[in-house]
Amino acid sequence: MSAVLSTPACPELSFVALREHDLFAVAAIESDVYVFPWTIGNFRDSVLSAYECWGCWACGELIGYAIVMTALEEAHLLNFAVASKWQRCGVGKALLRFLIDRAAAGRLDVIYLEVRPSNLAGLRLYEQFGFKQLGVRKDYYPAMAGREDALFLGLSIVRKIL
Ligand SMILES: CC(C)(COP(=O)(O)OP(=O)(O)OC[C@H]1O[C@@H](n2cnc3c(N)ncnc32)[C@H](O)[C@@H]1OP(=O)(O)O)[C@@H](O)C(=O)NCCC(=O)NCCS
């Protein structure tokens, strides 16, 4: 399963389910963009758990990914990142649009996610798509000095009846 979108900076982005052999490239991006990255084992477990694991490709290069756990009518975005050299080109928007469209086509009701309050880029992106804060998860994330809370966000999905 794949789909193709574009951004002003990138004429063709492909979204393709991640395979085991993509995970080294995923882990390389992950350790570049996060101070507390997932391990390659976390990604492998996600693929084996049948979570939705999407890679975003441009010019034959993996440039972003998203890991989504779906249960009943709810999706939970567990991980979402764009390679640093591709950031601020609209890739995050295109990948999130793809995930929301899939959720709508799959007749899901809501997408949940956690984000650090210090993650301005993530917060702005999610706000642009209409995510609302539903709560705070205390001490959710590791941080350089102890722990950091997570903001718990949700987006109601307008279902697309096909
Ligand atoms: C958050 C992230 C996925 C955004 O991806 P991106 O491809 O750079 O995002 P886009 O270029 O599509 O930008 C979308 C919006 O995000 C916001 N944004 C992105 N980077 C930003 C930054 N450095 N500062 C402020 N706002 C930013 C802007 O509102 C932007 O919209 P605009 O261009 O109309 O102003 C990316 O910064 C990233 O991978 N960060 C590290 C991993 C991470 O934090 N993931 C989210 C965990 S919850």
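Which residues have the most contacts inside the largest nonpolar core? In this predicted model, local features need pLDDT of at least 70 and side-chain atom pairs count only at pLDDT 80 or more, while totals for chains, interfaces and linings use all residues. Residues are numbered from 1 along each chain as its sequence is written, and side-chain values use heavy atoms, with hydrogens and water left out.

The residues with the most contacts inside the largest nonpolar core are L77, F80, L96, L99, Y126 and F131, and this core has 47 residues. A nonpolar core is a set of buried Ala, Val, Leu, Ile, Met, Phe, Trp, Tyr and Cys residues joined through side-chain atoms within 4.5 Å; buried means under 20% relative accessible area, exposed over 50% and partly exposed in between (1.4 Å probe, protein chains only). Helix α3 (residues 91–105) gives the most to the core, with nine residues. Helices (H or I, at least four residues) and strands (E, at least two) are DSSP runs, numbered from the N terminus. With neighbours within four places in sequence left aside, Y126 is in contact with L77, F80, L96, L113, V115, F131 and L153, contact meaning heavy atoms within 4.5 Å.

Helix α3 packs against helix α4 (residues 120–128) at an angle of about 45°, with the axes 11 Å apart. Axes are lines fitted to C-alpha atoms, for helices over the stretch in contact, and angles run from 0 to 180 degrees between N-to-C directions. The arrangement of α3 and α4 is therefore oblique (angles under 35 degrees count as roughly parallel, over 145 as roughly antiparallel, 65 to 115 as roughly perpendicular and the rest as oblique). G92, K93 and L96 of α3 make the contact with L125, Y126 and Q128 of α4.

Helix α1 (residues 23–33) and helix α2 (residues 40–48) pack at an angle of about 130°, with their axes 9 Å apart. This makes α1 oblique to α2. In α1, L23, F24, V26, A27 and E30 meet I40, F43, R44 and V47 of α2.

D101 also lies in helix α3, and is partly exposed, with a relative accessible area of 28%. D101 and I157 are 56 residues apart in sequence and 8.9 Å apart in space, C-alpha to C-alpha. G60 is placed in the loop between β3 (52–58) and β4 (61–71). G60 counts as exposed because its relative accessibility is 70%. From G60 to E148 the separation is 88 residues in sequence and 36 Å in space, C-alpha to C-alpha.
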